[in-house]
Amino acid sequence: MKEGCPAIDFMVNGERRTVQAAPMKRLLDVLREDLLLTGTKEGCGEGECGSCSVRMNGELVNSCLVPVLQAQGASIETVEGLACDAELHPLQRAFLQCGGAQCGICTPGMLIAATHLLAKNPNPTMAEIREGLAGNLCRCTGFIKIFESVVAAAAQTRGEAHAR
Amino acid sequence: MSTHAKTRIVGASVPRKEGLDKLLGRARYVDDIELEGMWYGATVRSSVPRGFIREIRFDRNEDWNEFAVATAADIPGANQIHLIFSDQPCLADGKVNHCDEAIVLLAHPDKHRVREAVNAVQIEYEPLPAIFTMEESERQDVIVWGADNLLKSFLLQKGDVDSVWAEAAHIVKGEYRTGAQEHLYIENNGMIAAYSTEDGVTVWGSLQCPYYVHKSLLAVFDLPEGKVRVVQTETGGAFGGKEDYPSTLAAHAALLAMKSGHPVKMVYDRMEDLAATTKRHPSRVRHKTALDASGKLLAMDIEVTTDGGAYSTLSSTVLSRATLHSPGPYVCPNVRVQSRSWATNTVPYGAFRGFGAPQAIFAIERHMDEIAAAIGMDPVELRRRNFLHDGDTTATEQVMREPVILDKLLDRALAESGYLEKRARFALENQSSPVKRGMGIAAFYHGSGFTGSGERYLNSLAGVEVTAEGKVRVLVSSTEFGQGTNTILTQIAAEAIGLGYDDVEMAPPDTQIVPNSGPTVASRTSMVVGRLIERACQQLVSELKKHARLDEDFTREEFLAACERLRNAKGEVVSLVRYEPPPNVFWDDQKYRGEAYPAYAWSIHVAQVAVDTVTYAAEVEDFWSVQEVGRVLNPVLAAGQIEGGIAQGIGYALYEKVLLQNGHMANNQMTNYIMPTAEDIPPIHVVFEEIPFGYGAYGAKGIGELPHDGPAPAILNAIRDATGVRFDSIPLLPEDLFAKLGALQSIEQAATV
């Protein structure tokens, strides 16, 4: 624990966490350095690439632009929270099957952005998928296989909902 | 030969081998790794493009005892980054030749303190005249490299071009330019190094070629082979950008580790990565072409010029590939290509997917449309009349022994895209619309593997072993950085032995564990390294049959039992094989003639583009890519390579501009260096025609670079079709479209008023 730094309480992937960190420390660095959740990546450090995307209180944010002070009391979701026990999230399954991940560095942020998209819109059109992922840059795939992954995951999720 | 045999795993879209780790966020990239007692490194860089270093001053307000500091004086061996030549220093010593050249290295236990301390080091320079363009360099008024600024030149000659001009029905000239392009891998360059007198240097990092880094470190630290160890960490994209630069960064991190007595991590932020690391070579290509009255090529006189930057790095081999791809996929009896790469005072240009071919193919494929316009022929028909076929010879006198099916690829591309119908319809619709649509094509090949004698010199070694835990382990230094190395090599080994996908694993990419299977570059992994793994597996099975009582047909359990018998007898179960060139593949380095590549991948691209004459934005609305890459080993991964390469090619054509000021990249941020987003990429239709290649793994040829070669000319040809105006330079940004189209519109409006 660092002296002189305030304690920040928040929920990360459903667990209550407390860190002592400088209030202006980036949420990205707190996740990676203080909580050792290194799944969230830094790509540009200025909110352009989306590699550091996490959900904060149900909103999609670039964690490189969020001072940790703002996360006080918030609920944060990162890539580490997507799979439930041994069960992959439908998006993770779809990315694996459809080739949505190549080098994998944008993948955690892309999965979070896609989760956010499907949470708001379970049946997105292709234009809505493109818009929903436009803040997340992928240099490997040309995005096509990512779109296919999101379509597949959305269909699967809706199918399961029907089955219930 | 197994190429036509029915296969179980090869040809199937099995999921990516390391995919689960990537999707769960548990794949460990270099910045995710922390070592006990680790310090952090940073670099003090030159702020002038050329000059003598007069003084290095350390601000007295900083407590330098807390820091480790390294300069050129601390290098135990040679101050050079070894690649093809050794002209590039590891750290500038007395003189700098480009902005952002590394001069002083700092390390500190606190990563924020070390970054701040960079500003507390002041360098005094005595500036020297600097040059920033290939035109300035070739004028040779200021000499900045060697005796004449010339990094490399080639002369390729077939027949006698000068005998043709007088009799030709048509002569068409053109000049085409391409700009620098940044790789923009999403993971920046990064490295961790440790040093001890007992173990020497160990580095872990984001890189493509462990043995390039290994060789370079041996020279910098003057160590024997066993005292340098290079380990690749999960690598977040590379595209050639992690082919040569990691040798420099590894040496820097290792120097700081030596000086500090701690492991040191150096991870660039985006601004430093963009400013200091390599980019694609800018080019200027001039064509003078003679044709007969029927549109048959008679002579091609080509001048290829590239800007190499301040040091030679890979400019010679990039220029060679540009030279060999500059005549395009056409038959021509008389060809002369004169190519030169010139030094300038910018960050050295380096490897980037395509490696000179995208520049050369942009020129020839743009030029073909200009020839068609000049002689009044349809651009499709002009290409068809001149395509290479089986039995034809290329500009290097290489006889096409394998099937060449350009006509079939073209037919398929035209049919899939509705090219003819759309061209006709757009021509009508454009008359009354402010949005002008057009269709453009590009036809091209990409040579698979190293150029000329390259694969013979590499003499790659690769193989498999069977572990005591009953896993087959693939032993290669070929690395995974998104393109699918782990997956396809696993598929090949599983197929060749007759095991399941999960029975095979990849050995760690660690020079202490794996042999040198060559660099992971040049679209060589599937074809060359894959074939080595196929052969190593066959060799293992045959040894087991001969010496360990394995039956002709066997189950997984019988195979593993035989492996244990072999292990008891020999102590290990390992099978290694060396590269063997296909028969009749000979290249004459002196004459620059012969079999330039053992195999070629072929492709036709079709772009549908809309140009808005109000906003001057050009948008790629739809894209088709038909290719023959030999046997497709994994359809999902292969299509992913094609789509990703096309997306980068679209960026190259319409979005990505490197702005240099005094040789420093001025737009070194993702905010102002713009790559295409999810909203900018059109639907991409990918079609494979498969003709197995007898000397590649299960018939595979190269695939990774091919798709970057075609988009730029296809798109600019479509813009010509849409607007009737030729554009011969990329990147083509809205302001460039405005400069030419806007001026034309003003003239038209003035005429109608």
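How many bridges join strand 8 of chain B to strand 13 of chain B? In this predicted model, nine bridges link strand 8, which covers residues 170–178 of chain B, to strand 13, which covers residues 283–291 of chain B, and the two strands run antiparallel. Within this pairing, Arg177(B) is found opposite Arg284(B), a residue of strand 13 of chain B.

Both strands belong to an open sheet of chain B, in which six strands are arranged in the order 7-15-14-13-8-28 with mixed pairing. Helix 7 of chain B, formed by residues 315–325, lies across strand 7, strand 13, strand 14 (297–309) and strand 15 (334–343) of chain B, and the helix runs at about 25° to strand 7 of chain B.

Turning to chain A, the secondary structure consists of five helices and five strands, which follow one another along the sequence in the pattern β-β-α-β-β-β-α-α-α-α. The C-alpha trace of chain A extends over about 50 × 35 × 25 Å along its principal axes. Among the contacts in chain A with a separation of 6 or more, 58% are accounted for by residues 24 or more positions apart.

Conventions
Residues are numbered from 1 along each chain as its sequence is written. Chains are lettered from A and ligands numbered from 1 in the order in which they are written. This is a predicted model: local features need pLDDT of at least 70, side-chain atom pairs count only at pLDDT 80 or more; totals for chains, interfaces and linings use all residues. Two strands pair if DSSP finds at least two bridges between them. Helices (H or I, at least four residues) and strands (E, at least two) are DSSP runs, numbered from the N terminus. Two residues are in contact if their C-beta atoms, placed from the backbone, lie within 7 Å. Axes are lines fitted to C-alpha atoms, for helices over the stretch in contact, and angles run from 0 to 180 degrees between N-to-C directions.
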